[in-house]
Amino acid sequence: MGLFDIYSKEDWRVVMAKKEKEIKLAKVLQDMSFSLNHIEDIMADDRALLTKLVTQNNTIVDYLKQLEIDIVDEYENSITTDLSEEEQKRMKKAEELKEVLNDFMDKRKDLQEFEKELKKNKHMLTPGQVGES
């Protein structure tokens, strides 16, 4: 053996593998560090953006608090006063018709429920028999 043959080939492979693993591990840790730094930068940007949005939202809310207008009441009153008598009669008839249709739909639902109950209890009914109520 010579002066430079300190390790056998098998030992040299093990030493080189360990060095490669250490290099790979250092590279992975460095990449992770860069990624974490990048994420921290993104979070700082997001935090700044959120504070801007919150302040903008607060200014909008303050502005809206200053407005005190009942638009709905004025709008409804303007519609009813601008209509002629004939149009008002038509609106009233339409509302009455709507009420009648709603009553009809409610009765229809009740009838459907009654039909379901009859189907469920069909085996208990005897044709031609009248019971006490």
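Biologist: Anything to keep in mind before we start?

Modeller: It's a predicted model, so local features need pLDDT of at least 70 and side-chain atom pairs count only at pLDDT 80 or more, while totals for chains, interfaces and linings use all residues. Residues are numbered from 1 along each chain as its sequence is written, and side-chain values use heavy atoms, with hydrogens and water left out.

Biologist: How many helices and strands are in the protein chain?

Modeller: There are 3 helices and 0 strands, where helices (H or I, at least four residues) and strands (E, at least two) are DSSP runs numbered from the N terminus. The order from the N terminus is α-α-α.

Biologist: And what percentage of the residues count as buried?

Modeller: 0% of the 133 residues. Buried means under 20% relative accessible area, exposed over 50%, and partly exposed in between (1.4 Å probe, protein chains only). The chain exposes about 13,800 Å², with carbon and sulfur atoms supplying 59% of that; the areas come from the Shrake-Rupley method with a 1.4 Å probe, and for residues only the protein chains shown count as cover.

Biologist: How many salt bridges does the count come to?

Modeller: The count is 2, taking a salt bridge as a side-chain nitrogen of Lys or Arg within 4 Å of a carboxyl oxygen of Asp or Glu. One joins Lys27 and Asp31 at 3.5 Å, N to O. Both lie in helix H1 (residues 9–66), 4 residues apart, about one turn of the helix.

Biologist: What about Arg90, which residue does it form a salt bridge with?

Modeller: Glu86, with the closest N and O atoms 2.8 Å apart. Arg90 and Glu86 are both in helix H3, again 4 residues apart. Arg90 counts as exposed because its relative accessibility is 54%.

Biologist: Switching topic: which residues gather in the patch of negative charge?

Modeller: Glu95, Glu96, Glu99, Asp103, Asp106, Asp110, Glu113 and Glu117. Patch residues have over 30% relative accessible area and no salt bridge, and like charges are joined within 9 Å. Each charge is placed at NZ of Lys, CZ of Arg, CG of Asp or CD of Glu. Glu99 sits in helix H3.

Biologist: Which residues make up the positive one?

Modeller: Lys116, Lys119, Lys120 and Lys122 gather on the surface there. Lys116 is in helix H3 (residues 85–120), and it counts as exposed at 56% relative accessibility.

Terms used
Patches are made of residues with over 30% relative accessible area and no salt bridge: like charges are joined within 9 Å, nonpolar side chains (Val, Leu, Ile, Met, Phe, Trp, Tyr) within 5 Å. Lys and Arg count as positive and Asp and Glu as negative; His and the chain ends are not counted.
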